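Dear colleague,

Please find below the structure that I am handing over to you. My notes on it follow directly after.

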Amino acid sequence: SNIGTVYKEQKNYVKALQYLNESLEMHYEVNDGKDNTVNKSVAFVLSNIGVIYIKQGKYEEALKYNKESLEMHYKVNDGKENTVNEDVAYLLNCIGRIYEKQQKYEKAFKYIIKSTKIAEKLNDRNFLINLKPQIKYLISKVKIKPNDKCLCDSGKKFKKCCFLLKK
């Protein structure tokens, strides 16, 4: 996977995908799904493939690989979707950005908010600072009124929840 990553950095996406897919096949061959070290490596490779597809504008493929990577991270953490780590926050943000590029703003908002909540738990100020403009932009695009139920699934009204992030 390292060779694939190097090719990705050099923007040689064809070669990068070739090596990353070979790496992925090797990981699957040696792993029965129970070795979390290998599972974490698989998640890393899947994420790299997803990034390449984003750069190529192939958003459906990018979603597929980033969601698989996210599921693998959950698997590494005993299947818990409430996993709090940087990798999960990054993937949720990445998926949100893909939906944003597809102009699926409500879906984008949900993923970005999940990412934000993890970043808050991690006290990752840099990540949060970078998310703020994206949140403001998505709030401007989402068709929601202050008294509507918030899209983040908190059960609160938007004005008492994520609307406060607009400030």
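Asn123 is located in the loop that joins H6 to H7; helices here are DSSP runs of H or I with at least four residues, strands are runs of E with at least two, and both are numbered from the N terminus. This is a predicted model, in which local features need a pLDDT of at least 70 and side-chain atom pairs count only at pLDDT 80 or more, while totals for chains, interfaces and linings use all residues. Residues are numbered from 1 along each chain as its sequence is written, and side-chain values use heavy atoms, with hydrogens and water left out.

Although Asn123 is not a glycine, its phi is positive, at about 55 degrees. Gln103, in the loop between H5 and helix H6 (105-122), is likewise not a glycine and has a positive phi of about 60 degrees. Gln103 has a relative accessible area of 59% and is therefore exposed. For this term, exposed means over 50% relative accessible area, buried under 20%, and partly exposed in between, with a 1.4 Å probe and protein chains only.

Helix H5 covers residues 86-101; because its 16 residues should span 22 Å at 1.5 Å a residue, the 22 Å between its end C-alpha atoms agrees with expectation. The expected span is 1.5 Å times one less than the number of residues. At the start of H5, the backbone nitrogen of Asp87 has a side-chain oxygen of Asn85 within 3.0 Å. Such a polar contact is a pair of N or O atoms within 3.5 Å; within protein, one must be able to donate a hydrogen and the other to accept it, and residues adjacent in sequence count only if both atoms are side-chain atoms.

The buried residues of H5 include Val88, Ala89, Leu91, Leu92, Asn93, Cys94 and Ile95. Gly96, Ile98, Tyr99 and Glu100 of H5 are buried too.

H5 packs with helix H7 (residues 125-141) at an angle of about 25 degrees, and the two axes are 12 Å apart. Axes are lines fitted to C-alpha atoms, for helices over the stretch in contact, and angles run from 0 to 180 degrees between N-to-C directions. H5 is therefore roughly parallel to H7. Under this scheme, angles under 35 degrees are roughly parallel, over 145 roughly antiparallel, 65 to 115 roughly perpendicular, and the rest oblique. H5 passes H7 in a left-handed crossing, meaning that the near helix is turned anticlockwise from the far one by less than a right angle, whereas clockwise would be right-handed. On the H5 side, the contact is made by Ala89, Tyr90, Asn93, Arg97 and Glu100; on the H7 side, by Phe127, Asn130, Leu131, Gln134, Tyr137 and Leu138. Contact means heavy atoms within 4.5 Å.

Gln134 of H7 is buried, with a relative accessible area of 6%. Not counting residues up to four places away in sequence, Gln134 touches Asn93, Arg97, Glu100 and Ile112.

**Helix H4**

Helix H4 (residues 59-76) has 18 residues. From first C-alpha to last, H4 reaches 25 Å, close to the 26 Å expected at 1.5 Å a residue. Among its buried residues are Ala62, Leu63, Tyr65, Asn66, Ser69 and Leu70. After H4 comes Asp78, with a positive phi near 60 degrees.

Ser69 has 0% relative accessibility and so counts as buried. Leaving aside neighbours within four places in sequence, Ser69 is in contact with Ala43, Leu46, Ser47 and Leu91. Glu71, also in H4, has 48% relative accessibility and so counts as partly exposed. Glu71 and Ala43 are 28 residues apart in sequence, and their C-alpha atoms are 8.2 Å apart in space.

**The two ends of the chain**

Helix H1 (residues 2-9) and helix H2 (residues 13-30) pack at about 165 degrees, with their axes 8 Å apart. H1 and H2 are therefore roughly antiparallel to each other, and their crossing is left-handed. Ile3, Gly4, Thr5, Tyr7 and Lys8 of H1 make this contact with Tyr13, Lys15, Ala16, Tyr19 and Leu20 of H2.

Leu151 belongs to the segment after H7 and, at 13% relative accessibility, counts as buried. Leaving aside neighbours within four places in sequence, Leu151 is in contact with Glu106, Phe109, Lys110, Val142 and Ile144.

Yours sincerely
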